[in-house]
Amino acid sequence: MGEASKVSRYLYTVIILFVIWLFLTNSLDPQELTMGFVLSLIIAALTYQVFTKYGLSNLHPKRILYTVAYIPYFLWAMIMANLDVAYRVLHPKRPINPGIVEIKTNLTNDIAKLVLANSITLTPGTMSVDVKGDRLYIHWIDVKDPSLEGASKHIGKPFEKFLRVIFHDDN
Amino acid sequence: MTINEAIGAFLIFTGSLFYVLSSLGLIRMPDVYNRMQTATKSATLASLGVMIGVGIYSPCCFPKALVIALFLLLTNPISAHALIRAAYRSGIPLWEGSIVDKYKEALKEEGEQ
C-alpha cells in the first residue's frame, strides 16, 4: 500500500493533534477550542510529513477495532509480565535462565516493528536489544527455546496478528 | 471516602508496590541486562498504575493522566531499548549463567562482511 495524498495526511495529523489538545486542556470552552484548533492547523502543516504515511486510512473502523482490542490484550500481558518478574525477584533461589535469542518477524512496516519491539519489551521476561531487517534480538530472562522458530512462536506471534491489521502490513 | 477515592488509592498503592519490587530487582539480579528487565517493566506498570490512580482519585484530571500514561507507555520501552543496546555495544558481558547469545553471532557475521 502506497502513501496517501497530502490532504489526507494533513487532516489526519490535525485530528490527532486536536484530540490530544482536548485531553490535555480538559475543557470545552470556546476560546480553548479555537486556540487548540488554530495551533493544530499550524503544527500539522509543519509536521505532517514525518507524522504519518497513510493519512486518514488510519482511522478505518477495522483498524480502530483492532487497536481497541489490542489494548486490553496488551495490558493483560503486561500485568502477567510484572507478576512473573516479581515472582523471580522474590523467589529465594532467583530462578532465572537468561540469554539473547533471535526472532523473525513478518512485519515489514517500520512503525509496526517499533510497536512490536515496544510490546516485547513490556511483556513477560523479554526485552528487545536490536532490530536488523526482519530479525529482532531479544534478551529473554527465562529462555525456553533458543532456536529461531521456537523463540519467534513464543515471543512475537501473539502480537503480530493485531499489528498486521493496525499498521497496514498486508504481506 | 467515596468509591472513586477507594479505587484511586488502591491503584496508587499497587503502583507503589511495583516500584518497591523493581528496586528490589535492581539489587537481586546478577547483571545489567536482568536488572534492566525488572527496572523497566515494573517501573512502567507502576507509573501507569499511579497515573491512572491519580486520575480516578480526582476525576477532574482523568483525561490528562490518561494522556501522560499513554506517552509513558510509548517512550519508556524506547529508552530501555537504547540503554540495553548501549550496554551491549560497550562490551558489558552477559551473566555467566546465560545460556545463549545470538546477538554476538550476528554482530560477528556483520563484522566479517
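## Basis of the description

The model is predicted, so that local features need pLDDT of at least 70 and side-chain atom pairs count only at pLDDT 80 or more, while totals for chains, interfaces and linings use all residues. Residues are numbered from 1 along each chain as its sequence is written, chains are lettered from A and ligands numbered from 1 in the order in which they are written, and side-chain values use heavy atoms, with hydrogens and water left out.

## Chain A

Chain A contains six helices and three strands; here helices (H or I, at least four residues) and strands (E, at least two) are DSSP runs, numbered from the N terminus. Along the sequence, the order of these elements is α-α-α-β-α-β-β-α-α.

Of the 171 residues in chain A, 42% are buried, where buried means under 20% relative accessible area, exposed over 50% and partly exposed in between (1.4 Å probe, protein chains only). Chain A exposes about 8800 Å², with 68% of that area supplied by carbon and sulfur atoms; accessible areas come from the Shrake-Rupley method with a 1.4 Å probe, and for residues only the protein chains shown count as cover. Among contacts (heavy atoms within 4.5 Å) in chain A between residues at least 6 apart in sequence, 70% join residues at least 24 apart.

## Chain B

Chain B has four helices and zero strands, giving the pattern α-α-α-α from the N terminus on. Buried residues account for 41% of its 113 residues. The accessible surface of chain B is about 6100 Å², and carbon and sulfur atoms hold 70% of it. For contacts in chain B between residues at least 6 apart in sequence, the share that joins residues at least 24 apart is 59%.

## A helix pair in chain B

Helix α2 (residues 32-57) and helix α3 (residues 62-89) of chain B have axes that come within 9 Å and cross at roughly 175 degrees. Axes are lines fitted to C-alpha atoms, for helices over the stretch in contact, and angles run from 0 to 180 degrees between N-to-C directions. α2(B) and α3(B) are therefore roughly antiparallel to each other, a term for angles over 145 degrees.

## Cysteines

A search of the whole structure finds zero disulfides over all chains, a disulfide being a pair of cysteine sulfur atoms within 2.5 Å. B:C60 is in no disulfide, and the nearest cysteine sulfur, that of B:C61, lies 3.1 Å away. B:C61 counts as partly exposed because its relative accessibility is 29%.

How values were computed: Parallel < 35°, antiparallel > 145°, perpendicular 65-115°, else oblique.
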